[in-house]
Amino acid sequence: MENTSKSNMQSARLLPFDPIVLVQDVLKRWLVVVLAALAVGIGTYIYTDATYAPVYQTTTTFVVTTRGSSTSVYSNLSSTSNLAGLFTELLNSSIMRKTILQETDISSFDGTIDTAVVPNTNLITMTVTDSDPRMAFLAAQAIIEHHESLTYQVIDDIGLEVLQYPAVPTSPTNQNFAFHQMKKAAVIAALAATALLAILSYLRDAVRSGTEAREKLDCSYLGEISHERKYKTVFALLRRKKTSILITNPVTSFRFVESIRKLRRRVEQHMDGGKVLMVTSLLENEGKSTVAVNLALAMEQKGKRVLLIDCDLRKPACGMVLGQSKFTYGLNDILGGKENLSECFLRYQNSDMYMLLAKRGEQNTGDLLISPRMNVLLDWARECFDFIVLDLPPMSAASDAEGMADLADASLLVVRQNAAAAPALNNAVASLDGHKAKVLGCVLNNVYATQLSTGQSYGGYSKYSHYGHYGNYGSGGSGK
């Protein structure tokens, strides 16, 4: 009971997958965030600039005096304050506006007229505002010339003398904040797009941890291989010089080497005496070729005589992973009828691992792989080698894996973290299950994980899948 409670408490503290997966998923779609920010930012700028209406103001200052007296009303500030409100009403009356229209010879005046008392003085400021700077100035001039005829009837004991005459405004009082609004909208759009991508990533039915692999996939879970940097130094990153991700490479991390060895032990446990293992994946760039190569190397290190066959005749990758880019003959030649098999095999660094690589460009690969020559080749290999690893194309790109599943003894599915949808992976497993080869299970690859993850990482594996794109390989190699 105590152990159950402890397990439940631990599960409650842990997330179903590591938050870093969300960050990686969003970063992979950075272009969506940038495009959203640009689209919203530019749209906001265009709208703000199109709806911007400049406003111009001109100011006139009046001195309030008592008619027929030299006594200033400075001592009676309340009278000045009351006068400001009354003066504003008079200036905005229909009579004054009619006078302004007559004096300026225009059909309408939609501006505003406001007055205010300068604190602790007998000064009143009049501000005329309009969208046309010339109209604001002419209206102020008309008010100065004709205000007495209107105000005398109401405030006959108070006089207004002009202290400061208006000037033609040269710049609007309200700034055009289109650029500022554009930046603000772009930032908000970028944050919203980032949040939306994170939510969609969280809700996507992918496999992001060992726990999810066990719960979602209809096959055995053989472990996971965590992410490892493919550029070991800053200098290598600047020169774009990738490090070979092989267990025979001294700079490869100890975690990665142990993860491959652990995978090798689990494969041996599930093979049930079989010798031929085919390695495939559902999608491109999931790392199956590097898993196949390193699994073959791990088998050789245990003292087995191993043969690695690159069965991806469209986009072969094993040679690129192993640094064997120059060879004369390969699997294509054997399947094409070449009799001298010894010329087609390569030995890896004086070890007991042999390679049968493939050349690019074959089209009818499915027919070649299930041909009688392939069957004869595998029968011969079973007699000469202790273990044979077949690297097959992604199942979404070709049907070669299903065809070879009747010739191999077992199959291994490489699943990259947070890549393929779980239902699609289960369909791939079901497709392999319907053939002779036993489905050993899946290995979760290229896992980004920290202590928050519920999956137990046992390896340090890099993004080997970035050698290139299936269907668009660069000269640097394949990322399968």
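Two strands count as paired if DSSP finds at least two bridges between them, and strands themselves are DSSP runs of E with at least two residues, just as helices are runs of H or I with at least four, both numbered from the N terminus. The model is predicted, so local features need pLDDT of at least 70 and side-chain atom pairs count only at pLDDT 80 or more, while totals for chains, interfaces and linings use all residues. Residues are numbered from 1 along each chain as its sequence is written, and side-chain values use heavy atoms, with hydrogens and water left out.

**Strand 6**
- Thr280 stands opposite Leu413 in strand 11; here strand 6 pairs in the parallel sense over five bridges.
- Six of the six residues of strand 6 (residues 276-281) are buried, so the strand is largely enclosed by the rest of the structure. Buried means under 20% relative accessible area, exposed over 50% and partly exposed in between, with a 1.4 Å probe and protein chains only.
- In a regular strand the side chains alternate between the two faces of the sheet.
- On one side of strand 6 sit Val276, Met278 and Thr280, on the other Leu277, Val279 and Ser281, and all are buried.

**Helix 10**
- Helix 10 covers residues 254-271 and reaches 26 Å from its first C-alpha to its last, close to the 26 Å expected (1.5 Å times one less than its number of residues).
- Its buried residues are Phe256, Val257, Ser259, Ile260, Leu263, Arg264, Val267 and Met271.
- They lie on the same side of helix 10 because they cover an arc of only 160 degrees around the axis, taken from the directions from the axis to the C-beta atoms.
- Phe254 and Gln269 are exposed on the other side of helix 10.
- Asp272 follows helix 10 with a positive phi, near 55 degrees.

**The largest cavity**
- The largest cavity has a volume of about 110 Å³.
- Ten residues line the largest cavity, and the closest to its centre are Gln24, Lys28, Gln417, Asn418 and Tyr448. A cavity is a set of points on a 1 Å grid over the protein atoms alone where a 1.4 Å probe fits but cannot get out, and lining residues have an atom within 4 Å of a point.
- Helix 2 (residues 19-28) gives the largest share of this lining, four residues.

Notes
On a 1 Å grid over the protein atoms alone, a cavity is a set of points where a 1.4 Å probe fits but cannot get out, and a pocket is an open set with protein on both sides within 12 Å along at least five of seven lines; lining residues have an atom within 4 Å of a point. Grid points are joined across faces, edges and corners, and a volume is the space filled by probe spheres set on the points.
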